[in-house]
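Dear colleague,

I am passing on the model we spoke about, with the sequence alongside.

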Amino acid sequence: MAASKLQALWNHPAGPKTIHFWAPTFKWGISIANVADFAKPPEKISYPQQIAVTCTGLIWSRYSLVITPKNWNLFSVNVAMAGTGLYQLSRKIQQDYLSDVKEEAIKE
Amino acid sequence: MAALRAFWNSPVGPKTTHFWGPVANWGFVTAGLVDTQKPPEMISGNMTAAMCVYSGLFMRFAWMVRPRNYLLLACHVSNEAVQLYQLSRWAKAQGYVY
C-alpha cells in the first residue's frame, strides 16, 4: 500500500529524480542563508541584495498561486524569502536611519 | 515588427507569468554587480554560496521546464557568473585562497 504510493511519488514527473523537484527545494537555501545572517552585524547587510531577495520573494509568491497547478512548495519558499529579506532590510534601516535619530536626541 | 509581435504573443512573453518571474530574478544579477564594487568584507559567504548552487540548479530547470524558458536560463547563467566572482572575492578576503 504505502510502498506503491511512495513509488508513485518517487517516479513522479516532478519528483525527486528531476530538476523540477530539486531546484525549487534548494531555493530554501537562500532563506536559510538569510536566517544564518540574522546574527551578522547590520553593517554587513547589502541593500541591493536584500531588496532583490525581498522583491523576488514577493513576485514569485504571487505567481506560484496563479500558475497551474498551484505550487504550494514554491509559494512557501518565496514567502520565506520575502520575510527574511524584509527582516534583514529592517535591521539595516534601523541601524542606518533610526539609531542616528536616537543618537542625536541623546546628544541634545 | 513581426518579431516584436511574436515576442508579445509568445507563450513565455510579457503577457504571461513565465516572463515576470524571471524578470524579478534579474534583480539578483543587478544586486550582485552593484556589490562587486563594495569591499569584500561586506560579502556574505552563506548567501553567495547558496546563490551559486541555486543558479546552477535553475539553469537546468529553465532548460528542462516546458515551455523552455531562455530568459530564466540567461538570468541564471549571468547570476552564476556574478556569484562565483563574488565568492572568489570573499574567499580571498577570508584567506581561503591566495
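Below is what was found where the two chains meet.

This is a predicted model, in which local features need pLDDT of at least 70 and side-chain atom pairs count only at pLDDT 80 or more, while totals for chains, interfaces and linings use all residues. Residues are numbered from 1 along each chain as its sequence is written, chains are lettered from A and ligands numbered from 1 in the order in which they are written, and side-chain values use heavy atoms, with hydrogens and water left out.

Contact, meaning heavy atoms within 4.5 Å, joins 28 residues of chain B to 32 residues of chain A. The two chains bury about 2400 Å² between them, 72% of it on carbon and sulfur atoms, where buried area is the accessible area (1.4 Å probe) lost on being put together, summed over both parts. On the chain B side, B:Thr17, B:Met42 and B:Met47 lose the most area to chain A, together 22% of what that side buries.

The count of salt bridges between the chains is zero, a salt bridge being a side-chain nitrogen of Lys or Arg within 4 Å of a carboxyl oxygen of Asp or Glu.

As for the helices (DSSP runs of H or I, at least four residues, numbered from the N terminus), the axes of α3 (residues 28-36) of chain A and α3(B) come within 8 Å and cross at roughly 175 degrees. That makes α3(A) roughly antiparallel to α3(B), the term for angles over 145 degrees. Axes here are lines fitted to C-alpha atoms over the stretch in contact, with angles running from 0 to 180 degrees between N-to-C directions.

With best wishes

Conventions. Helix = DSSP H or I, 4+ residues; strand = E, 2+ residues; numbered from the N terminus. Parallel < 35°, antiparallel > 145°, perpendicular 65-115°, else oblique.
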